[in-house]
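Subject: Handing over the two-chain model

Dear colleague,

Please find below the structure that I promised to pass on. I would be grateful if you could read the notes with the structure open beside them.

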Amino acid sequence: MAVNLKRSSGEDSDGGKTSRRKMLGWLTGAGLFGSAGLSAVSNFVFIKPRATYGQPQRFSVGKPEDFPSGTRAILAPRGICIVREGSKLAAISITCTHLGCTVGAADTGFACPCHGSRFDQDGNVTGGPAPRPLPWFQITLAPNGEIEVDKDIEIAPGSYLTL
Amino acid sequence: MSRPTPPKATFLTTLMDLPKNVWSSIFRNPLPSNDLERSATSFTNFFLHIHPVKVHKNSLRPTYTFGLGLISFFLFLILTVSGILLMFYYVPSTQQAYDRMLDLRGSVAFGTLLRNMHRWSAHGMVAIVFLHLCRVFLTGSYKKPREFNWVVGVILFLLTLFMSFTGYLLPWDQLAFWAITVGTAIAGYAPIIGKDIQFLLMGGTSVGQEALLRFYVLHVAVLPAILTLMIAIHFWRIRKDGGLSRPEDADPKVSLEAMENAVTPKGSVPEPKKLYGFQGLVRGPLTKVGQIPDNTVFSWPNLFLAELFTFVVTLSAILVLSLLFNAPLEEPVNALHPPNPAKAPWYFLGLQEMVSYSAFWGGIGVPGIFVLLLLGTPYLDRGPKGVGKWFSRDRLLANTIFITFVVANIIFVIIGTFFRGANWAFVTPW
């Protein structure tokens, strides 16, 4: 009787009962902590928005006639600068690649008021802490003749839309 | 009828005794006049029972702690009360938030005063929590057995910064908007998960209504809850780790023999009922309290008066500051035109200055290494010497490294505050 009690209390490290109990313990722990972890992850899934309520990323900015040749029009609410040279059109971001401030037009291109980054006319970095050039966004001509910009699609700098 | 009757408990006497009975049902002890009552007061009062019955004289030395931990806690209390009051008038909406700030100033009784108190206490808490961290480091108080409480303290410091950061956006003025635009962009530089953190914080791709709501929820619910829990753990562990740190020679030398004598019943004299039995059990099997010489005094009144004094001084200082200086409020948000220069709050200006050299190293790399070093300090510095003394020579290396980091950060803060002008160009303030 006493021996049996000892065995079932797990003192026999070679006994099958001990390892089975240990195994069950591990499984229980894994189940509990696994569920807790999954719950935590699901909270993050919950707070990650599926739809955003801000500005749309794809929008039209008007007809090509609104931007005569030589225009460099900063559309601040949209966060882009529309550049037209002859029959070539482009949309350059005016959100600083350093820390997200809005860059302004400067004599040599763009300048950021927050941390002093400077860019040339094409958005290449010419000074300051900005790590990347200002991105260029895809620009297309919609069937109704309006210029459409898609800020979700970045294109190589220097690739214009030719009218 | 000839026998004298005992005084009858009439309804009148019941009524007359009512205040006394109510009082004694709440406060079971009279104001202490002897040691037994002094210890019982610490036990039986909910608000006092987190204190020890007796406290070491070293813990009460003003020049040892400067009361920095207590001041931090009292500032947190002031912030909680003033913050809850401000919530009655605040709306986390981009349409209304700024107008509500103006309402606080113009049409709410004590509105300006409460906002000032909240703002200056917040600045004060960041500063005092940091000084508290410096005190604990420079006295070597993070050493065994207080390693984990140091870690909790570092987490509390980070939470304080995050509290301040989330509160910064709520007035929805230019300062708020651009500081948070820059701050969330810094988070975006964190490796792998940076962009996700930035998106989660802002609830979108730019700082707007979603970001304001998220920062509000973090500021008034999530972070205060975590902070309160961590403060509770921090306080609980102070007790469990044996009170505040003190130098080894702070306790009188007691021989083992004297200790044993102290707990051996002497002859047939019955032992008095041990009042502090459980306190003794916490540290070991011997009930030695009161039997051997020590350098402790009763918490009532020594500790409690010191705490009351600290509280009154803290509250008075905040009140005077709030009456003299108004919390700044800039122009309402104009997402199209960042102010030039756009500056973060002063305690983040060191960070912003470093960020102007390199966004990753200034915003994530160097601060990350600093935080990891802070968290790891008690596990890297295992030498037992130099605990409980300011600038102990036994800890020369650790203190030198720490002070170098602190001074470097202060220099960056000063440069960022006074020497940076338009386009973050170097300017001289005079």
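The notes below begin with the conventions and then go through what was found.

This is a predicted model, in which local features need pLDDT of at least 70 and side-chain atom pairs count only at pLDDT 80 or more, while totals for chains, interfaces and linings use all residues. Residues are numbered from 1 along each chain as its sequence is written, chains are lettered from A and ligands numbered from 1 in the order in which they are written, and side-chain values use heavy atoms, with hydrogens and water left out.

Chain A as a whole

Chain A has two helices and eleven strands, where helices (H or I, at least four residues) and strands (E, at least two) are DSSP runs numbered from the N terminus.

The open sheet

In chain A, four strands form an open sheet in the order E5-E6-E7-E8, with antiparallel pairing; two strands are taken to pair if DSSP finds at least two bridges between them. E5 and strand E8 (125-127) of chain A stand at the edges with a single partner strand each, so one side of each is left without a neighbour in the sheet. Strand E6 (residues 109-111) and strand E7 (residues 118-119) of chain A pair over two bridges, and Ala111(A) has Arg118(A) in E7(A) as its bridge partner.

His98(A) and chain B

His98(A) sits in the loop between strand E4 (88-93) and strand E5 (104-106) of chain A, and is buried, with a relative accessible area of 3%. A polar atom of the His98(A) side chain lies 3.0 Å from the backbone oxygen of Val355(B). If residues up to four places away in sequence are not counted, the residues that His98(A) touches (heavy atoms within 4.5 Å) include His115(A), Pro129(A), Tyr189(B) and Ala359(B).

Salt bridges

Over all chains, the structure holds eight salt bridges, each being a side-chain nitrogen of Lys or Arg within 4 Å of a carboxyl oxygen of Asp or Glu. Arg420(B) forms one of them with Glu353(B), the closest N and O atoms being 2.7 Å apart. Because Arg420(B) lies in the segment after helix H16 (396-418) of chain B and Glu353(B) in helix H14 (residues 346-355) of chain B, the pair ties together parts that are 67 residues apart in sequence. Both Arg420(B) and Glu353(B) are buried.

Asp35(B) and Arg38(B) also meet in a salt bridge (2.7 Å, N to O); they are three residues apart in helix H2 (residues 35-44) of chain B, and are therefore separated by about one helical turn. Asp35(B) is partly exposed, with a relative accessible area of 38%. In chain A, a network of salt bridges links Arg58(A), Glu148(A) and Asp150(A).

How values were computed: Buried means under 20% relative accessible area, exposed over 50%, partly exposed in between (1.4 Å probe, protein chains only). A polar contact is a pair of N or O atoms within 3.5 Å; within protein, one must be able to donate a hydrogen and the other to accept it, and residues adjacent in sequence count only if both atoms are side-chain atoms.
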